[in-house]
Amino acid sequence: MPSRPAEPLPDAEAALATLAERMSSRVPHDAAFVGIYSGGAWLAERLARIVRGEHAVGFIDVSFYRDDYSRAGLKPNARRTDIKFEVDGASIVLVDDVLYTGRSVRAAINELFDFGRPARIDLAVLVDRGGRELPIEATYVAARLVVPDDRSIVLSRGDDGRLALSLEPA
Amino acid sequence: MKPDAGTTLSRNPQLNAAGQLTHLLTLEGLPPAIITQILDTADPFVSIGEREVKKVPLLRGKAIFNLFFENSTRTRTTFEIAAKRLSADVINLNIGASSTSKGETLLDTVDNLVAMNADMFVVRHSQSGAPHLIAAHLNATGRTHVHVVNAGDGRHAHPSQGLLDLYTIRHFKREFRALSVAIVGDVLHSRVARSLIHGLTTLGTPDVRVIAPATLLPAEVESLGVRAYHDMRRGLAGCDVIVMLRLQNERMKGALLPSPGEFFKHYGLTPDKLALAKPDAIVMHPGPMNRGVEIDSAVADGARSVILPQVTFGIAVRMAVMSIIAGN
């Protein structure tokens, strides 16, 4: 049962529209969008369709680059990272649902560099909940909010493809 | 749950107190969820092998010792490649030429390597149970951060080969629950066959057949949950997967078989025998192959052969095994 949020969660579809709008004026026309599984992957697909320009889409699973492997072991359900475009010289926007400690983004950047040397990497997130443990900031943010440390903000996708945010025990 | 001496001793030595895989010794008795987890984890590792930079940082700084008390270039190499793609440091010990020939016991060798901060042993030994002995020794002495992978022990088990065979079958056939799988050849001496049989039955394969002359089948082989055939043509009828086993040279010279030519005539996989299986049946072989003894070149190199994909998948499966156990 989700507990009382410190502040109400934004509507995910409205936040996605806000994020797309903020990106449209500044993202290079040919930037590739790389979504971090699983929430970021759904967002990257949607954003590529609505943000102005021609955007290649890739997906990244950071399981093999995480910094908590030695403490927590390998997470089950690792998926294939799928990046078909040329990373060398590309302008890339990493996409994730929630920015928190910054550790997933660190892992994703490291993995991207195993594919080549991008010209630049930006970061787009639906929600920035603070709590950074690394010097990482998002370029594009739809919503900023504070939630208790013992809660996770979870993005889910319904059968109809609609996205929703919920608060769950961490 | 209260641990007591009885349950601790009877517990599967491959699993830790939380039921997670910490050594890989045999597929026998392994829960289906763990086998499936390994196969699922191997899938993204296949794609690592297709990248320009074929490496992930998962086991950076770990020392993995290949302890091969029995020769094997192929298996040792694939474990070495797998460990290096995980960024581990790999140390190959040519045991035949070193300590044991000076009289050191197996466990003394292990203790010395643990004193050098080994994190994992990949062990091949002609004696069944040697990897189990090492794992039990490490568990009993509280060194649970050191892991053991069985790379083949005697006639007992070759679990990483069994897993790569399972991965290959799942890749091409998707689902085990409706499959007929035929394993052909020297089942008696084959740890590959034994591991694959345990894996297939654990994952619910309804029809597993072994095909061989009576001299090359273990007594009471059907107690493993398989059907035995001596007539290859009857055994292959309608099957989805054919796994050919290597006939070792020393067996051909022994009393178990009349001659390699005679064996090929009855149990060699030729295009006309393959035609008895389903039209989309796949042909597997753990390698190295004896062309013209257990398999005809026209089949080995033919459209239904998935022998080389097995090799590629084998590296990914070993990466999955090592990264799962080292994290538990």
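Predicted model: local features only at pLDDT ≥ 70, side-chain atom pairs only at ≥ 80, totals over all residues.
Figure 1. Of the contacts in chain A that link residues at least 6 apart in sequence, 67% are between residues at least 24 apart. Chain A has 170 residues, and 41% of them count as buried. Along the principal axes, its C-alpha atoms occupy a box of roughly 45 × 40 × 35 Å. The radius of gyration of chain A is 15 Å, in agreement with the value near 15 Å for a compact globule of 170 residues.

**Figure 2. Secondary structure elements of chain A.** Chain A contains four helices and seven strands. Read from the N terminus, their order is α-β-α-β-α-β-α-β-β-β-β.

**Figure 3. The β-α-β unit of chain A.** Strand β1(A), helix α2(A) and strand β2(A) form a right-handed unit, with the helix spanning residues 39-50. Strand β1(A), residues 32-36, pairs with β2(A) in the parallel sense over four bridges. Within this pair, G35(A) lies opposite F59(A). In β2(A), residues 57-60, V57(A) and F59(A) point one way, while G58(A) and I60(A) point the other way. These four residues are all buried.

**Figure 4. Contact between chains A and B.** On the chain A side, 13 residues are in contact with 15 residues of chain B. The side of chain A that touches chain B comprises six nonpolar, three polar and four charged residues.

**Figure 5. The largest nonpolar core.** This core has 149 residues, of which L126(A), V184(B), I242(B) and M322(B) touch the most other members. Helix α13(B), residues 307-326, gives the largest share of the core, 11 residues. Leaving aside residues up to four places away in sequence, I242(B) touches A182(B), V184(B), L236(B), L269(B), A277(B), A281(B), V283(B) and M284(B).

How values were computed: Residues numbered from 1 in each chain as written. Chains lettered and ligands numbered in written order. Buried ≥ 20, exposed ≤ 12 C-beta atoms within 10 Å, placed from the backbone. Helix = DSSP H or I, 4+ residues; strand = E, 2+ residues; numbered from the N terminus. Pairing = 2+ DSSP bridges. Right-handed = clockwise from strand over helix to strand, strands pointing away. Contact = placed C-beta atoms within 7 Å. Nonpolar A, V, L, I, M, F, W, Y, C, P; charged D, E, K, R; others polar. Core = buried A, V, L, I, M, F, W, Y, C linked by C-beta atoms within 7 Å. Rg over C-alpha atoms; globule rule 2.2 N^0.38 Å.
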